[in-house]
Amino acid sequence: MNTFITVFIASFKTFLRDRLMLFFAIMFPLVFALMFGFIFGGQTYDASTIRIGILKDNTELQEVVTKDKRFTVIEYENKDILYSEVDKGKLNAGIIFADDILELLLNRNALMRMPALRNNLTDLAVKLGKKPEVREMGIKVEAIPIVGGKIQSEYLSYLIPGVIAISLLTGMFTALEIFLGYKKRGIIKTITTTAANPSSFVLGSISGRILTSTLISILLLLLLIVIFRLHYEINWPLFLITTFLGSLMMFSFGTLISLFFTNYEAANGFANILMTLMFFLSGVYFPLEFLPRTFRTIGMVLPAYHLAITLRMALGVDKLIINYIYSVFGFIILATIVTFFIAQRRVFRIE
Amino acid sequence: MGIKYLFTSFLKGTMRDKMTIFWLILFPIILMSILIAIFSSFDRVENLQLKAVLLTNNIGNSQIISEALTSLDQEMISFEVKDYTEELLKEKMEVLRGHELDLIIVIPDDFNATFSSWLINFPTENSPPPELQVYYLQERQTSNISLEIVNSVIQSINNNLLQSFGFPIKSIAVQETVTGRMVDFKYKDFIFPGMLIFSFLSTSLWGITAEVIDLKTTKITKLLKLSPIGPKEIFLSFSASRLVLLVIQFFLLSAIAIFVFNVSVNPFNLAFIGYLLLATLTFLSLGFFLAGILQNMGQAEVVCNLLLQVMQFLGGIYFDVYNTPIFIRFLVYINPVTYIIGGARSSLGIANVPYPYYLSYTVPLLMSTALILLSFKFFKWTEEA
C-alpha cells in the first residue's frame with residue numbers, strides 16, 4: 001500500500017512539475033479550439049457566414065440576398081472584379097442574375113469548408129423566379145430552434161466538450177510509456193529487485209496519471225469558458241466521472257496497443273496513427289454525417305466519438321440520455337478490468 | 001573526404017532511426033491517405049441520409065405538403081409521416097434532441113382552414129397565410145441543412161400556387177463555375193502539394209532543429225570540433241543529408257499520390273518545383289535558426305510541436321484559411337507556409353491567392369534571408385562556442 005501511495009503522489013507531482021507536459025496538456029487543446037473554432041465556426045446559420053459578391057446594378061438579386069440572414073453581401077462595380085475576388089478566395093461565392101440565368105461562381109476552397117454552400121445558392125433560383133411583389137406570398141415556414149440539452153448552444157459551445165474529449169486521448173501514450181517505455185528503460189526490472197510490489201508500482205503510476213488527466217480537463221474547461229465567455233450548465237459529477245473514466249478508457253486502449261507491440265517506438269507510431277484517425281473521425285471538428293459511410297461507421301466505433309457525446313451531455317449541450325451514459329460507462333469499466341488483468345500479467349511475465 | 005564521410009554518417013544515423021523514418025517519411029503518406037479517403041466527397045452534400053418526421057393529420061390541402069416532402073430523394077432526406085398529436089410532438093422532440101432525427105415538421109390542425117381562407121382572399125392581405133412549424137437544432141449542421149431543404153420545397157409549392165393564380169413564374173436556370181484552372185478538381189489534388197509542404201516543414205523542425213540540439217546536447221558536435229573537420233564541413237554535410245531526406249519525401253509522396261490516388265497534378269511542373277525549392281530554403285533556414293536559439297530538447301519539443309501545428313493548420317495545408325477572423329488572419333499572414341502553399345497551388349492551377357501573387361515568392365524569400373542572417377548570428381555547433 002505504501003508503494004502505491006508513494007508512487008501515486010510521485011507520479012502526480014512529476015506531471016505538475018514537468019512544465020513541458022503541462023504546456024502540451026493545456027496549450028494544445030486550447031490552440032486547436034481556437035483554430036478550428038474560427039476556421040469551421042459559424043457554419044450553422046445563426047450568423048451571416050457566407051460571404052457573397054453581387055453586381056451593384058443587380059437590384060433584383062440584391063433584394064433577395066440582402067434579406068437572407070445567411071449571407072454577408074458585398075457589391076462590386078463589374079463582373080471582372082467580382083470574378084477575381086471569388087477566384088482569390090476573398091469571397092465564398094459570386095452571384096450574377098441576368099436573362100433568367102443565375103450564374104454561380106463558387107470558390108473551390110470555400111466549397112470544401114462549407115459542404116452546403118452549393119445548395120444554399122441554388123435555392124435562390126426558386127425565389128428569383130417570382131416577381132418581387134409576390135415573392136413573400138404563400139405558405140410560411142416558422143423555424144423554431146429547440147434547445148438540445150439545457151442550454152441553447154452554438155458551434156463553439158458545441159465544439160469545446162469535443163476538444164476536451166480529444167485531449168483525453170493522450171492517455172494512450174501514458175499507457176505506452178508505463179508498459180513499454182518503463183520496460184525499455186529497465187524501470188520495472190529494477191522495481192522487481194526491490195522490496196516494492198511491482199503491481200503497486202504500476203497501479204500507483206497509472207492512478208497518478210489518471211488523476212492528473214482529470215484535473216487537467218477541469219482546468220482546460222474553466223480556461224475555455226473564460227476565454228470564449230461560454231455558458232454551460234455543468235453536471236459536475238457526470239463531468240468528473242466522464243473525464244476520469246475517459247482517461248481510464250484511453251489508458252486501457254493504450255494498454256491494448258502495448259500488448260501487440262514489443263517495441264516502444266513502433267507502438268508510439270501506431271498510437272499516433274490511431275490518434276490522427278480519432279481526431280478526424282470523432283465528429284468533433286467535422287460532422288460525421290458529411291463523411292463517407294465507411295468512415296462514419298469507423299468513427300462511431302472509436303472511443304473519442306462517445307467521449308465527446310458524454311461530455312456534451314455533462315455540460316448541458318446535449319440531452320442527457322441516462323441509458324447511453326450507463327452503456328458507455330459500463331463498457332469502459334468492463335474493458336478496463338479485462339485489459340488491466342491481461343496487461344499486468346503480461347508485463348511482468350516478459351520482465 | 002571528411003564531408004562525404006560525415007554526410008554518409010548523418011544520413012545513416014537518420015535512416016536507422018525508426019521514429020525519424022516514421023515521422024518524416026511514413027506519417028505524411030499515412031496522413032495524406034486518411035485525408036483523401038475522408039474528405040474526397042466533402043464538397044458535395046449528397047447521400048446525407050437526413051431523417052425528418054412530418055406530423056400531420058392529412059386533412060385537405062395539407063396533403064400537398066406531405067406528398068411534396070415524401071417524394072424527395074430518399075438518399076438525401078427520408079420523411080416519416082405520422083398523425084399529429086401533442087404527445088407525439090413531445091416524443092419526437094426528445095428524439096430530435098437525442099440526434100436520432102434532424103427535423104420535425106408540423107402541419108397544424110388549423111392549416112387546412114387557414115389555407116382555404118387564404119386562397120379565397122388571395123391576393124389581398126385580409127387573411128394570414130398558412131404556416132408550417134419546423135423544429136430544428138441550431139447547433140447541428142444536418143438539422144440546418146434539413147431546414148434548408150424544407151424551405152426550398154415550400155418555395156416550389158408556393159411557386160406552383162402562384163402560377164395557378166395566373167402569376168407568371170419564370171424557370172431560372174442555374175449555371176455553375178468553380179474557380180481555378182483545373183476542370184475536374186478533387187480534394188486529393190488540393191491536399192497533395194499540402195502534404196509535400198507539410199513533410200518538408202516536419203523535416204525542418206524535427207530533422208534539423210531537434211536533431212542539431214540532440215547532437216549538441218550529446219556533445220557529438222563538440223567531439224567533431226576537436227577533429228580536423230571544421231564547422232563549415234559539418235554544416236554542409238548535415239544540410240546535404242537533410243536535402244536527401246527531402247528528395248526521398250518528394251519522390252515517395254509523388255509516386256503514391258500519382259499511382260495510388262491518381263492525383264492529376266504534375267509534381268514536375270517547373271513553377272511547382274520552384275516553390276518546393278523555396279520551401280526548402282525557408283524551412284531549412286527556420287530549422288537552423290531555431291536550433292541556434294533553443295537551449296535544450298525540452299524547449300525544442302515545445303517550440304517545434306507548437307510551430308508545426310500552428311503553421312500547418314493556419315498555413316492552409318488542409319483547408320482554406322483566408323477568411324478567418326482578423327486576429328487569426330494575422331497569424332495566417334505572418335506564416336510563410338501560407339505564401340508557399342498559396343503559390344504552389346496557384347502554380348498547379350488549383351487555386352489562386354487573395355493577395356498579390358508576387359508575395360507568394362517574395363515573402364518566403366525575405367523571411368528566409370532574415371532567418372539565414374539570424375542563424376549566422378545565433379547558430380553555434382557547440383553550446384560553449
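Predicted model: local features only at pLDDT ≥ 70, side-chain atom pairs only at ≥ 80, totals over all residues.
Q: Which strand of chain B pairs with β4 of chain A?
A: Strand β4(A) covers residues 101–106, and its partner in chain B covers residues 173–178. The two run in the parallel sense over six bridges. The partner strand is β5(B).

Q: In β4(A), which residue is the bridge partner of Ile95(A)?
A: Strand β3(A), residues 93–98, is joined to β4(A) by six bridges, and the two run antiparallel. They form a hairpin with two residues between them, and Asp99(A) in the turn has a positive phi of about 50 degrees. Within this pairing, Ile95(A) has as its partner Leu104(A).

Q: Which strand of chain B is joined to β5 of chain A, and by how many bridges?
A: Strand β5(A) is made of residues 140–145, and it runs parallel to a strand of chain B made of residues 131–136. One place to look is Ala143(A), which stands opposite Val134(B). The strand of chain B is β4(B), and the number of bridges is six.

Q: What is the order of strands in the open sheet of five strands?
A: Start from β4(B), which β5(A) joins through six bridges. Next, β3(B), residues 103–106, pairs with β4(B) in the antiparallel sense over three bridges, and there Ile105(B) has Val134(B) as its bridge partner. Further along, β1(B), residues 50–55, runs parallel to β2(B) with six bridges, and Val53(B) stands opposite Glu80(B). With its mixed pairing, the whole sheet has the order β5(A)-β4(B)-β3(B)-β1(B)-β2(B).

Q: Which strands stand at the edges of this sheet?
A: An edge strand here has a single partner strand, so one of its sides is left without a neighbour in the sheet. Neighbouring strands are turned by 20 degrees against each other on average, direction ignored. The strands at the edges are β5 of chain A and β2 of chain B.

Q: Which helix of chain B lies across β5 of chain A together with β1, β2, β3 and β4 of chain B?
A: Helix α4(B), residues 86–97, lies across β1, β2, β3 and β4 of chain B, at about 160 degrees to β3(B). The helix that also lies across β5 of chain A is made of residues 141–164 and runs at about 165 degrees to β4(B). That helix is α6(B).

Q: At what angle do helices α7 and α13 of chain B pack?
A: Helix α7(B) covers residues 187–217 and α13(B) covers residues 336–347, with axes 10 Å apart. The residues in contact include Ile197(B) and Leu201(B) of α7(B) and Ile340(B) and Ala344(B) of α13(B). The contact holds seven nonpolar residues, one polar and one charged. The crossing is right-handed, and the angle is about 145 degrees.

Q: How far apart are the centres of the two domains of chain B?
A: Domain 1 of chain B takes in 2–40 + 186–378, and domain 2 takes in 50–164. For chain A, domain 1 is 2–40 + 154–350 and domain 2 is 50–134, with 45 Å between their centres. In chain B, the C-alpha centres of the domains lie apart by 53 Å.

Q: Why is chain B described as more spread out than a compact globule, and what is its radius of gyration?
A: Chain B has 14 helices and five strands, and its C-alpha atoms fill a box of roughly 100 × 40 × 40 Å. The globule rule gives 21 Å for 385 residues, and chain B is well over that, so it is more spread out than a compact globule. Its radius of gyration is 30 Å.

Note on methods:
Residues numbered from 1 in each chain as written. Chains lettered and ligands numbered in written order. Axes fitted to C-alpha atoms, helices over the stretch in contact; angles between N-to-C directions. Helix = DSSP H or I, 4+ residues; strand = E, 2+ residues; numbered from the N terminus. Left-handed = near helix turned anticlockwise from the far one by under 90°. Contact = placed C-beta atoms within 7 Å. Nonpolar A, V, L, I, M, F, W, Y, C, P; charged D, E, K, R; others polar. Pairing = 2+ DSSP bridges. Domains from an automatic or database assignment. Rg over C-alpha atoms; globule rule 2.2 N^0.38 Å.
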